[in-house]
Amino acid sequence: MSPQPRAEQARARRSRLRVLEAALALFARDGYDATTFARVASEAGVSVGLACRYFPTKEHLVVALYDRLATELEAWSLEMPAGTVAERFESAMRAKLALLEPHRRALVALTARALDPEGRASVLGPHTEALRSKVAGVFWAAVCGSTDAPGPDESAALARALYGVHLLLVLLYVQESD
């Protein structure tokens, strides 16, 4: 591959990231509904057409944030400290909340979308199933790699339960007042 396409790909990745970061900042400052693609594009320093090419809808921006957070947590899980199920769950939750913190205000603005079962950005909807699998895998690893891991059937059930508890804790964290 010649240097020209690589440079173009890097420039495109930077532009896409600027669009996402601009949208997240606007969601945090002005709310989801008040954020328009024109404002996102302006803040990112790109055309509206380019912003829409990267993210056809605002929901795509939200799912991109979910994907980033899931991917970062999944990467963190490769270095998860040893310990009991409880210790590893606590460690995973601390890591998750640390990842959420810089985006907390944006997540508050996105809560209605995240909980809308009909929406593309629903955390429990079909469009985010692969992302849920990434995060659920972190809790499966926390259970199965623990020093007190139960048997295979119990591990799967416990991992699902911890994933559910994680969702509740994230909701509470996002809704907690500063």
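Predicted model: local features only at pLDDT ≥ 70, side-chain atom pairs only at ≥ 80, totals over all residues.

The chain has eight helices and zero strands. Along the sequence, the pattern reads α-α-α-α-α-α-α-α. The C-alpha atoms fill a box of roughly 55 × 45 × 30 Å along the principal axes.

Now burial and contacts. Of the 178 residues, 40% count as buried. Accessible surface comes to about 9,700 Å², and carbon and sulfur atoms account for 58% of that. Take the contacts between residues at least 6 apart in sequence: 69% of them join residues at least 24 apart.

Next, Ser-15. Find it in helix H1, residues 3-30. Is Ser-15 buried or exposed? Ser-15 counts as buried because its relative accessibility is 8%, and the cut-off for buried is under 20%. What does Ser-15 touch, leaving aside neighbours within four places in sequence? Val-46, Leu-50 and Tyr-54 are in contact with Ser-15.

On to the largest pocket. It holds about 480 Å³ of space. There are 23 lining residues, and those nearest the centre are Tyr-66, Lys-96, Val-123, Leu-167 and Val-170.

Which helices build the lining, with at least two residues each? H4 (58-77), H5 (85-100), H6 (104-115), H7 (129-144) and H8 (152-175). H8 gives the largest share, seven residues.

Over to you for discussion.

Technical notes
Residues numbered from 1 in each chain as written. Heavy atoms only, no water. 1 Å grid on protein atoms, 1.4 Å probe; cavity = no way out; pocket = protein on both sides within 12 Å on 5 of 7 lines; lining within 4 Å. Points joined across faces, edges and corners; volume = space filled by probe spheres on them. Helix = DSSP H or I, 4+ residues; strand = E, 2+ residues; numbered from the N terminus. Buried < 20%, exposed > 50% of the residue type's maximum accessible area, 1.4 Å probe, protein only. Contact = heavy atoms within 4.5 Å. Areas by Shrake-Rupley, 256 points an atom, 1.4 Å probe, with all protein chains shown as cover.
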